[in-house]
Amino acid sequence: MTTAGKIIKCRAAVAWEPNKPVVIEEIEVAPPQSNEIRIKIVATGVCHTDLYHLFEGMHKDGFPAVLGHEGAGIVESIGPGVTEFQPGDKVIPLFISQCRQCRFCKSPKTNQCEKGWAADKYDVMAPEESRFTCRGKKVLQFMGTSTFSEYTVMNQVAVAKIDPAAPLDKVCLLGCGICTGYGAAVNTAKVEPGSTCAVFGLGAVGLAAVMGCNAAGAKRIIAVDINPEKFEKAKVFGATDFVNPKDHDKPISQVLSEMTNGGVDFSLECVGNVAVMRDALESCVKGWGMSVVVGWTDKDNFSARPIQLIAGRTWKGSLFGGFKSKDGVPQMVKAYLDKKVKLDEFITHKMALNQVNDAIELMKHGKCIRTVLSVSSE
Ligand SMILES: NC(=O)c1ccc[n+]([C@@H]2O[C@H](COP(=O)([O-])OP(=O)(O)OC[C@H]3O[C@@H](n4cnc5c(N)ncnc54)[C@H](O)[C@@H]3O)[C@@H](O)[C@H]2O)c1
Ligand SMILES: [Zn+2]
Ligand SMILES: [Zn+2]
């Protein structure tokens, strides 16, 4: 029996309010409208940005919402005007769109398409419109995607069609964390062969940044984390040196400067903490050192002494690793299938959707790299 054109009732994890466990509910998912696609989500990763919204950002207008933005699935049905997708296609929902028509899409300099929620909703972290309701209330689609749901609806400008051979329970990680860290190194920092790099924060995003530095030919990759349990994994992705700031009395920037004769060529902040962002900048060598902010936070201001920049350092930020999303994700899926990037090594836990609160707790306590939740069967 076809579900096309009908409301689908399915299970989703609803975050009713900040700082509370999410609740598995039956939600109604409306059929796709013009240029939209309804997707059956097969698997999803849990990323720290989900936790950021729930426990840190906690914007009052950002709830209730279905979290999750690192998923992969199969097209269930398409709305009018959709030509690029067919039911049955394997896809990855994208939290930043690529409309190919706006001035940002037309520029090779950026991936910040102006069509998606991300253009102006950083605080609420969801577009105003949603195709979800639960108990008679509108439920927001977090980051436009909402992958902690058996079904979601996306505009076709924010969906990537991927190789049918791709295992969805692995490539879901390319929907956020791995593209973000890897791209921050290769696209945003443009790490150079023979360089020395430092990566702060060794979650999936930071480890993917380590993998990117390694792929770009960095000679030395210093992995920095306050949780020493992360160092073993960092080795797998190519880190050469390991530093726990808690083992030192001096500022971490001084430690790194002494290790590298004046500072690293590239640093990447993958924590989401403004003090660490400053440390990462100050760990760079004067003259040409570049620091990239990858960690997500919009609550606090950061500060640094202007002389840091006057002395020739560059401070940049990176959203989704600088990848133009519709182009970049299928390329990264291919790179995984060709064994040029790793994904399996990031997955430390597998659970079912109804264990999502356990997965959130694991990440909160630094006990996982990525948990992949299985959401529906293929
Ligand atoms: N810019 C983007 O497009 C984008 C996309 C995805 C995620 N993010 C952000 O990237 C960050 C990392 O995400 P994740 O999923 O890998 O998170 P995670 O929680 O798995 O990893 C964070 C790591 O940082 C470490 N850490 C905490 N405080 C530290 C400190 N003071 N010094 C050094 N290390 C410290 C933790 O021990 C942990 O290993 C988050 O802020 C997330 O919101 C940004
Ligand atoms: Zn994410
Ligand atoms: Zn665009």
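**Contacts, size and domains**

Student: What share of the protein's contacts with a separation of 6 or more comes from residues 24 or more positions apart?
Tutor: That's 69%, where contact means heavy atoms within 4.5 Å.

Student: What sort of model is it?
Tutor: This is a predicted model, where local features need pLDDT of at least 70 and side-chain atom pairs count only at pLDDT 80 or more, while totals for chains, interfaces and linings use all residues. Residues are numbered from 1 along each chain as its sequence is written, chains are lettered from A and ligands numbered from 1 in the order in which they are written, and side-chain values use heavy atoms, with hydrogens and water left out.

Student: Ok, why does the radius of gyration agree with a compact globule?
Tutor: Because a compact globule of 378 residues would be near 21 Å, and the protein has 20 Å. The radius is taken over C-alpha atoms, and the globule rule is 2.2 Å times the number of residues to the power 0.38.

Student: And what box do the C-alpha atoms fill?
Tutor: Roughly 65 × 40 × 35 Å, along the principal axes.

Student: How much of the protein is buried?
Tutor: Of the 378 residues, 57% count as buried, meaning under 20% relative accessible area with a 1.4 Å probe, protein chains only.

Student: Switching topic, which domains is the protein divided into?
Tutor: Domain 1 covers 181–321 and domain 2 covers 343–377; the bounds come from an automatic or database domain assignment.

Student: How many residues does each put into the contact?
Tutor: Domain 1 gives 13 residues and domain 2 gives eight. Their centres, over C-alpha atoms, are 26 Å apart.

Definitions and conventions: Buried < 20%, exposed > 50% of the residue type's maximum accessible area, 1.4 Å probe, protein only.
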